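Dear colleague,

Please find below the structure that I am handing over to you.

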Amino acid sequence: MPRKKKQRNPEYSLNVFHYFDDRTRRELQIFLVQTIKEFTSFNYEILLDAVLRERLIQLKILGLRTTPLIMPGVGPAKGLSDFSNLQGTYSLSVIKLDGETNDFQVDVTPTRIAIQGNPAHPFIIVSSTPVPLQAS
């Protein structure tokens, strides 16, 4: 009898939302990746490689690193990419370091962002709910 594959929990979350940057005075589309696991020692950063080609957005998760100021902090590791002037339908691929990929469809209008897709065993949970960004 074949063994059942163990159901695993997602490792990351992705929030995609509109954000007005007061500093640059531009409307941006934010792609914020966070770990589900919260760290208790340092604030970690997720290294992301973001590519926009035609109607494809690729987010590659390249690993974690400590922030330049090694300050104690509690919370998830975070990585952020932003785009401007996205409009219409895009294919979104999120790729882990080991090559595993989760694919979604992102529909962007001036007033909202909708995300569709349901990978069989997702390593990332996606949402179009805005989350607060820390000022840098």
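Strands β6 and β7 form a hairpin with 5 residues between them, and Gly99 in the turn has a positive phi of about 95°. Strands here are DSSP runs of E with at least two residues, and helices are runs of H or I with at least four, numbered from the N terminus.

Please note that this is a predicted model, in which local features need pLDDT of at least 70 and side-chain atom pairs count only at pLDDT 80 or more, while totals for chains, interfaces and linings use all residues. Residues are numbered from 1 along each chain as its sequence is written, and side-chain values use heavy atoms, with hydrogens and water left out.

**Strands**

The protein chain has 0 helices and 9 strands. Two strands pair if DSSP finds at least two bridges between them. Strand β6 (residues 88-95) runs parallel to strand β4 (residues 56-66), joined by 5 bridges; here Leu56 stands opposite Ser91. Antiparallel to β6 runs strand β7 (residues 101-108), joined to β6 by 8 bridges, and Ser93 stands opposite Asp103.

**Aromatic rings and charges**

Rings of Phe, Tyr and Trp (its six-membered ring) pair if their centres lie within 6.5 Å; planes under 30 degrees apart count as stacked, over 60 as edge-to-face and the rest as tilted. By this rule there are 3 aromatic pairs. One of them joins Tyr12 and Phe123, which is edge-to-face because the planes stand at 85°, with the ring centres 6.4 Å apart. Tyr12 lies in strand β1 and Phe123 in the loop between β8 and β9, 111 residues apart. Both Tyr12 and Phe123 are buried (buried means under 20% relative accessible area, exposed over 50%, partly exposed in between, with a 1.4 Å probe and protein chains only).

Phe31 and Phe83 also form an edge-to-face pair, 5.3 Å centre to centre with 85° between the planes. Phe31 belongs to strand β2 and Phe83 to strand β5, 52 residues apart. Phe31 is buried at a relative accessible area of 0%, and Phe83 is buried at 11%.

A charge sits over a ring if NZ of Lys or CZ of Arg is within 6 Å of the ring centre and within 35 degrees of the ring normal. The charged end of Arg55 sits over the ring of Tyr90, 4.4 Å from its centre, and that of Lys96 over the ring of Phe123, 5.2 Å from its centre.

Yours sincerely
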